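Biologist: I'm new to this one. Can you put it on screen and walk me through it?

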Amino acid sequence: MTSREDGDSDWRLPASKTFEGETWHQRKYFAWAENWDHDHCAFCWKSFEVPGSRAALASVEHQYTEGWANESEYDWICDECFTDFRERFHWGTREPSPGDRPDTSPEEADRISDDLRVKHGTVIHKDDPPGA
Ligand SMILES: [Zn+2]
């Protein structure tokens, strides 16, 4: 054997935690905090956006609106990566439960996005008086 072909060469692996043995549930993406309007798959880094939000509607190519969240609902994995790695890292699954955090409405997600843009100075309000 001259080359190492043991299946550990997946480009998604080197930078990732593996979440060994963790339990996941499938759900819609929601805003985890007031200053947080999107997230990324822990493996492939595609983004998650709140379903129906402007961000979700703006581009559907490199993003998801639902996926797999772990028990903290802080980490997210897309369906594709979940399927690819669930056996390898011994992930479990459970049904959604009443203790899970509530979904975020599209309106709420848009408001959070707007707030973030204002904080980062990338929004100009046309109603703002000149020089204010
Ligand atoms: Zn992924």
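**Contacts, sheet and core**

Modeller: Start with W76. Leaving out residues up to four places away in sequence, W76 touches D39, C41, A42, F48, G67, W68 and A69. Touching, or contact, means that the C-beta atoms, placed from the backbone, lie within 7 Å. This is a predicted model, where local features need pLDDT of at least 70, side-chain atom pairs count only at pLDDT 80 or more, and totals for chains, interfaces and linings use all residues. Residues are numbered from 1 along each chain as its sequence is written.

Biologist: Which residues of the largest nonpolar core touch the most other members?

Modeller: C41, F43, V50, W76, I77 and C81, out of 21 residues in that core. α1 (54–58), β5 (66–70), β6 (76–77), α2 (79–85) and α3 (106–119) each supply at least two core residues. A nonpolar core here is a set of buried Ala, Val, Leu, Ile, Met, Phe, Trp, Tyr and Cys residues joined through C-beta atoms within 7 Å. Helices (H or I, at least four residues) and strands (E, at least two) are DSSP runs, numbered from the N terminus.

Biologist: OK, the sheet. What is the order of the strands?

Modeller: β6-β5-β1-β7, an open sheet of four strands with mixed pairing. β6 and β7 (92–93) stand at the edges with a single partner strand each, so one side of each has no neighbour in the sheet. Strands pair if DSSP finds at least two bridges between them.

Biologist: How many bridges join β1 and β5?

Modeller: Five, in the antiparallel sense, with β1 covering residues 23–28. R27 has G67 as its bridge partner in β5. W24 has N70 as its bridge partner in β5.

Biologist: And β5 with β6, how many bridges there?

Modeller: Two, also antiparallel. W68 stands opposite I77 in β6. The hairpin of β5 and β6 has five residues between the strands, and there E73 takes a positive phi near 55°.

Biologist: New topic. Is A56 buried or exposed?

Modeller: A56 counts as buried because it has 21 C-beta neighbours inside 10 Å. The cut-offs are 20 or more other C-beta atoms within 10 Å for buried, 12 or fewer for exposed, and partly exposed in between. A56 sits in helix α1.

Biologist: What is A56 in contact with?

Modeller: E49, V50, P51, Q63 and T65, leaving aside neighbours within four places in sequence.

Technical notes:
Two residues are in contact if their C-beta atoms, placed from the backbone, lie within 7 Å.
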